[in-house]
Every structure is written in C-alpha cells, then in structure tokens.
Amino acid sequence: MLTTRFQRRQVLAGMAATAFMMPGVATGSQQHRIVSVGGSVTETIYFLDRGLLLVGSDTTSSYPEAAKNLPKVGYMRNLSVEGVLSLEPTMVLLEEGAGPPVALDSLSSIGVRIEKVDEARSIADVVTKIRRIAGLVDAEGEGDELARTVAARAKAIGEAVAVVDTRPTVLFLLDVKDGALMTAGKNTSVESIVDLAGGRLVFDEFEGFKPVTAEAVQQADPDVILLMQHVGHRLGGEEAVARLPVMAHLRAAQEGRVIAMDGLLLLGFGPRTPDAVQTLARLIHGAAAVPNILEPLRAG
Amino acid sequence: MSIAETLPVRIGLTKRTLVLGALFTGTILAGLVALSFGAYPVNVVAALQSLLTDDVDRAGLVIAQVRLPRVVFGLLVGAALGGSGAALQVMFRNPLADPGLIGISSGAAFGAVSAIVVGGTLAPSFMVWASYYAVPAMAFVGAAGATLLIVSIGQTNGRVDVALMLLAGIAINAIAQSGVGAMMFLADDQQLRTLTFWTLGSLAIAGWDALPAIAVAVLVPVGLLAVNGVSLNRLLLGDVEAAHLGVDVRKLKRLVVLSVALSVGTAVSFAGAIGFVGLVVPHLVRLLAGPDNRIVLPGSIMGGAIVMVMADLVARTVAIPEDVPIGLVLGAVGGPFFLWLLVARKWRVL
C-alpha cells in the first residue's frame, strides 16, 4: 500500500518536473515550488501530502525516503543563495536557526518569498507548527486532520507514560571529543523530549550543550545513556559507546542501557514526536512498563 | 642608487612587463569566467542587458546582487592575502611567514567568536545596529589589536626587532587561542555552528554595502606594498645592507606590518579564516618568475586574486545547489597543484 502510493507519487513527480521544464504547458501554474529547510518542516510537508511541491531541501531533511532524493541546498545554517535560486523556488520555508542571515536577506532582496517557522519544544508547539505550515502550503484541511491526529496520539502516549512512577535519569551524549563528553542540560530539545518520555536529564545544573568531565559523569551515574543514531554509528555502535573510557565504569553502560535514536525523530519536534515519545519511553522504562499503543505514523 | 642599478634586481623590463601583463590579463579573465558560471544558469550578456533596462529580470539580479559582489570580494581577498604573504616572507626572510605570524588570524578569530558568543549579551544595541557586520567589525578589531600589540612589543628604541616580534606573536597567538577556547566553552550549540562556519571561510557576502570600504582597506595598503618592490629587494640583503642602500628600514617594516594588518585584517574579518593563499601564491610567482620583488609583489597580488576567484568558482559549482567551503577547495585543488609544480621544477620539466 505504502510502496504503491510512493511509486505513484514518483511518477507524478517526474511528470511535474517535465512540465516545469517546458514553459507554456499549462499545469496549474499557481502551484508553489518550495525549498524546505529543516528536517521537521520538510517532514511535515510530506505528512500534509504536499511533497510534490518540494523542489529542494537541506541536508537535515532525512525523512521520509523521498526527502533524501531532493536536491540539497546545503546545511541549514549555511545555505547557498545561488543554489537556492537555481531551483527557482516561489517560496522558501525555514526552520528557526536557518541561515546565514546574509543569505536570507539576499534571497528576499531578489524577490523570493521567505517564511520562517518557529521552533517547537512541546506538543502544543508541534500542533501550531503543523497548522502554520499547512496554511503556507494551502493544505488547511490536511493540517487540521494531522494536528488532531498528532494531539490525540500525544495524549494517548502521555497517559501511558504518566502511569509509570519512576523517573530514570538520562545522560545525553551529543558527542565525544578528545575524551571529553558533550551533553545536554536545561532548555534544550533533549530536555523536552526526555521530559515527555517520563525521564529526566542527569545534568540539570547548566543550560544548553556543554562538555562534562569523566568524573562528573561517574558521579552523576545515570540510569540510561541516550545518543543520536549517526553519532552512534560514527563511534562504532552502542556496544562501542559502552566501552568508551568515559563510559566503561558506568552502571548504565555495564548493564547495556545505551540507546541510540534517529536524531530527526528524537529532536525534530514534528508530527512523529508522539512516536518518538513512545519509543524513548519504552527504552528508558522498559517495554513492560509502557505499552506499545501507537502504530508508527508514516508520511504518505 | 647607482649600486642598486647594478644589482641583480635589474632584470630586463620585458620579463617584468610580460609576467605582470599576463597576470593582469589572467585576473580580468578569471573575473569574467567566475562571473559567467554559478548555480543559477545565467546568460551573462542577456543579464547585463536586462540590467540596463527598467525591467530587471531575476538573472540580472543574480548577476548584480549575488555573483558580481562575490567575485569582486574574492578578487580583493585574494589580492590582500597574496600581497601580504609576499611582503611578510621578505620582511621575516622566512619562506614560511604568513599573516598568522603577526597575530592577524587568531586576533580576528577571537574578535569574531566574541561577537558571536557574548556580543548579544554585552552590547546588544551594537549587535542589532551592526547586524551581520558585527562579526566582521569585531574580527577586525581583534586582528588590528593583536597586530599592534605584537608590533609595539617588537619595537625597541624605535627599531623593529623581527625576532622579538616573532616571539611576541607566538605569545599573543597562544593568548588569543585560549580566549577562543574560553568563548567556545561559553557558546551554545547554535553559536558553535556559526563559529565553525566562520573558521571554514566563505566569500558569500551581502550585496554591495560593505564592498567600497573593503576595497579601500585592501587596495590602498596592497598598492603601497606593490610599489615598494625595490626597497623589499634591498631588505632581503639584511637590515644594515638595506640601510646602506638608502632604505629607511624602520619605515619600511612599519609600512609592511600596517599594510598587512589593514588588508588581511579586513579580508579575514569578512571572509573568515582562509589560509594557503598567502603562503603559497608568492612561492608560485617566484617559481614562475624568479625572486625579484618588483615582480613577486604585484604578481602575488594578482595571483592571489586569480587563485581566490577560481577556487570560489569551484566551491560554488562543484556540488550545485550546495556551496562547498572554500578552504576545502584551496586545500584539495591548490595543494596537489603546488606539489606538482614543486616536483616539475625539481625534474626540470618547467
């Protein structure tokens, strides 16, 4: 079912692309050509069934599969003005933090419509974000439906998590450099998602992302170690992470509670955030404590 | 003066004219080629024609507001780095001398990172007013500050002691780098990423507003260096010898340092940390045209400009619609090319 729909979309995309290359062919010429910057914005556009409008995205746009095949205008904070223009967009949708500001100003001065979407840190923010993007891509109907679905799913998993009465401590491993460990503190998207999943960050003395020493990590003795999948791959997998010198003596590492999750799913705060909450909650509390109540939400 | 005329600096005027003429033509051509290609497909002639009308099309805007300022900026940055590298190598009598030695790079980095990390907290109104020029402005303050400090330490009784200056440079660089480290510790995730891109370097510049100031700050000092080829040749013989030949060594060294500080300080402030050009381009010119600074100085200025816009052309077009960091191109293409030249020279192919 899923595959056939995607195949159909690809055929349509191909036809649309051909039509755009032939000026004068009537193809609903009011249609947008959108460059989407920021993984969760791109993902939301696909969930709203407007993937066909996308002519480009940035390197953080990795979901769904189709998004990976879009022309990439670079990393979201380092966009190329001419690169974006070469895709002839009618609108550029940006997630908070996209830039550099110089490039955005150049784009607007040349007459490209720029729309910024606020960063989300809660389910309420995600709903607002979905409705905002839906309004921009003329998908209000789909936006209403998606927003309601996401809110309902978030409520369901939230109630399941609320039943669990432990709050395991989580050490987030952003990266390891020269033996020092970068971790997340207060006011980060990591704190928000861990909080939703019924855990708490083991370091809450500081804000943002900071390096911590091996001794501080030892002292904190987290219940769970959480990291992003691509970082895990780079470090050689979960077992290799558990064997890192900064980790090796930790209870969580010795007992195998090292969790790697897709970065965009975990921290994107898009339509799949309830899924992320369920996955994370089942990983930190154990599958027995949190039931698997949500079927994965898939774009398309 | 009469001794100078008999020195080996007196190469035939024809060779000088030939080399510099070729480089000048090359600079113009490089600029035109760079202007003609980019991610956005543009017919340059049609675009320029459109600019002359009231109804400017998007291709015209791309040329006028994105590509042309970038090419002009690239030429200026390359000229600053190439010319300064050549002059410093003479002054330090060291083939490895580059603007980093007199604190420019680390000073600029410290200024830039300060603006990125604490600017918004310490001087919010300045940051808002200066907008995206806040980082270059602070980078320039850092570069100029570090250089002036190093020069004033290196001066004893009005004489510039190059060795002392070198050591002072090492100390100031260390201090500035630990300052950068401290700022990085204070930085949040987003500031760190901004910082990373600053250190990678880029010629992406916002339109025309800053270019006139950059042009003056680069062309005046670089021009002064270019016309001092004869004095720099004499300086190569030694301070005392140069003085006997009528060179005001004190004044010349001060001129070199200040010119380098102003031109390179300006260039790296806006373009970020771009290495390689200042070190390698003068050697390229020397390999091709010999050590006469009347050729090497202006040659390195134009050679730097050519290398820079060509590297940027590759950076802009190799991964359309993405921009590749220019430092990466300079290293990946320029490094092997320079090696090839060295080896070819060794085997007398050239």
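Predicted model: local features only at pLDDT ≥ 70, side-chain atom pairs only at ≥ 80, totals over all residues.
Me: How many helices and strands does the secondary structure of chain A come to?
Reply: Chain A has 300 residues, of which 45% are buried. Its secondary structure comes to 14 helices and 11 strands.

Me: Which residues of chain A does the UniProt annotation "domain: Fe/B12 periplasmic-binding" cover?
Reply: The annotation comes from an unreviewed UniProt entry. Over the stretch concerned, the chain is 45% helix and 18% strand, and the end C-alpha atoms are 46 Å apart. The annotation covers residues 33-288.

Me: Which residues of strand S1 (residues 34-37) of chain A point one way, and which the other way?
Reply: The four residues of S1(A) named here are all buried, whichever way they point.

Me: In which sense do S1(A) and strand S2 (residues 54-57) of chain A pair, and what is the handedness of the β-α-β unit they make with helix H2 (residues 39-47)?
Reply: S1(A) and S2(A) are joined over 3 bridges in the parallel sense. Within this pair, A:Ser36 stands opposite A:Ser57. With H2(A), the two strands make a β-α-β unit that is right-handed.

Me: How many bridges join S1(A) to strand S3 (residues 91-95) of chain A?
Reply: S1(A) and S3(A) run parallel. The number of bridges that join the two strands is 4.

Me: Why is one side of strand S8 (200-201) and of strand S11 (258-261) of chain A left without a neighbour in the sheet?
Reply: The open sheet has 4 strands with parallel pairing, in the order S8-S5-S10-S11 of chain A. S8(A) and S11(A) stand at its edges, so each has a single partner strand.

Me: Is A:Val277 buried or exposed?
Reply: A:Val277 has its place in helix H14 (residues 273-285) of chain A. Leaving aside residues up to four places away in sequence, A:Val277 touches A:Ile157, A:Val161, A:Ile193, A:Leu196 and A:Ala197. The cut-off for burial is 20 or more other C-beta atoms within 10 Å. A:Val277 has 26 such atoms, and therefore counts as buried.

Me: What is the phi of A:Glu88 and of A:Asp138?
Reply: A:Glu88 lies in the loop between helix H4 (81-86) and S3 of chain A, and A:Asp138 lies in the loop between helix H6 (123-136) and helix H7 (140-163) of chain A. A:Glu88 is partly exposed, with 14 other C-beta atoms within 10 Å, and A:Asp138 is partly exposed with 15. Neither is a glycine, but phi is positive in each. The value is about 50° for A:Glu88 and near 55° for A:Asp138.

Me: Which helix supplies the largest share of the side of chain B that touches chain A?
Reply: The contact takes 25 residues from chain B and 25 residues from chain A. On the side of chain B, helix H4 (58-91) and helix H10 (189-200) each supply at least two residues. The largest share, 6 residues, comes from H4(B).

Me: How many of the 23 residues of helix H14 (residues 249-271) of chain B are buried?
Reply: H14(B) reaches 32 Å from its first C-alpha to its last, close to the 33 Å expected at 1.5 Å a residue. Just after H14(B), B:Gly272 takes a positive phi of about 85°. The helix is mostly covered, and its buried residues number 18.

How values were computed
Residues numbered from 1 in each chain as written. Chains lettered and ligands numbered in written order. Buried ≥ 20, exposed ≤ 12 C-beta atoms within 10 Å, placed from the backbone. Pairing = 2+ DSSP bridges. Right-handed = clockwise from strand over helix to strand, strands pointing away. UniProt positions renumbered as here; feature names shortened; annotations may be inferred. Contact = placed C-beta atoms within 7 Å. Expected span 1.5 Å × (residues − 1).
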